[in-house]
Amino acid sequence: MATWSETLPVAQTITLPAGTLAQPLVITQGGTANGYVVYQADAAGTTIDVQNAYRNNVTVSAPYVIVRGLTLKGAQVDASIC
């Protein structure tokens with residue numbers, strides 16, 4: 001038996017803006033098994049702080065997605081994967 005590779009193929013990287021965003025991130029664009037879509041924080045840092053106004057900071061409704069490096073604050077529950 002073998003373990004999964006830690007290296008996944010990436011088709012596209014989307015860097016979110018630096019600073020604090022007050023709206024949830026809703027991900028509807030995904031990739032394929034041959035190439036994931038990566039949503040990542042800006043090098044200066046990206047925070048999503050919905051200030052208890054939304055149930056989730058991030059909702060993922062797409063396949064083959066990687067979310068990396070975001071700071072998430074203020075959601076009523078948590079992130080959501082649909």
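Thr 47 turns out to be buried, with a relative accessible area of 16% (buried is under 20%, exposed over 50% and partly exposed in between, with a 1.4 Å probe and protein chains only). This is a predicted model, so to speak of local features a pLDDT of at least 70 is needed, side-chain atom pairs count only at pLDDT 80 or more, and totals for chains, interfaces and linings use all residues. Residues are numbered from 1 along each chain as its sequence is written, and side-chain values use heavy atoms, with hydrogens and water left out.

Thr 47 belongs to strand E5; strands here are DSSP runs of E with at least two residues, helices are runs of H or I with at least four, and both are numbered from the N terminus. Setting aside neighbours within four places in sequence, Thr 47 is in contact with Gly 19, Thr 20, Leu 21, Thr 71 and Lys 73, where contact means heavy atoms within 4.5 Å. The rest of E5 is tucked away too: Thr 46 and Ile 48 point one way from the strand, Thr 47 and Asp 49 point the other way, and all are buried.

What order do the strands take in the open sheet of three? The order is E2-E5-E8, and the pairing is parallel; two strands pair if DSSP finds at least two bridges between them. Strands E2 (19–21) and E8 (71–73) sit at the edges with a single partner strand each, so one side of each is left without a neighbour in the sheet. From one strand to the next, the twist averages 25 degrees, with axes taken as lines fitted to C-alpha atoms (for helices over the stretch in contact) and angles running from 0 to 180 degrees between N-to-C directions.

On one side of the sheet, E2 and E5 (residues 46–49) run parallel and are joined by three bridges. Thr 20 has Thr 47 as its bridge partner in E5, and Thr 20 also turns up in the contact list of Thr 47. With E8, strand E5 again pairs in the parallel sense, over three bridges. Here Asp 49 stands opposite Lys 73 of E8, and Lys 73 is also one of the contacts of Thr 47.

Moving on to the aromatic residues, how many aromatic pairs does the structure hold? There is one. In general, a pair of aromatic rings is described by the distance of the centres and the angle of the planes. Tyr 36 and Tyr 64 make up an edge-to-face pair, at 5.3 Å centre to centre and with 85 degrees between the planes. For the record, rings of Phe, Tyr and Trp (its six-membered ring) pair if their centres lie within 6.5 Å, and planes under 30 degrees apart count as stacked, over 60 as edge-to-face and the rest as tilted. The pair links distant parts of the chain, 28 residues apart: Tyr 36 lies in strand E4 (residues 36–40), while Tyr 64 lies in the loop between strand E6 (58–60) and strand E7 (65–68). Tyr 36 counts as buried at 16% relative accessibility, whereas Tyr 64 is partly exposed, with a relative accessible area of 37%.

Asn 52, in the loop between E5 and E6, is another non-glycine residue with a positive phi, near 65 degrees.

The loop between E6 and E7 also holds Ala 62, which is buried at a relative accessible area of 16%. Not counting residues up to four places away in sequence, Ala 62 touches Ile 27, Thr 28, Gln 29 and Gly 30. Ala 62 and Asn 34 are 28 residues apart in sequence and 15 Å apart in space, C-alpha to C-alpha.

As for the chain overall, the secondary structure comes to zero helices and nine strands. Of the 82 residues, 30% count as buried. Among contacts with a separation of 6 or more, 69% come from residues 24 or more positions apart. The C-alpha trace spans about 45 × 25 × 25 Å along its principal axes. The chain exposes about 5,400 Å², of which carbon and sulfur atoms supply 51%; accessible areas come from the Shrake-Rupley method with a 1.4 Å probe, and for residues only the protein chains shown count as cover.
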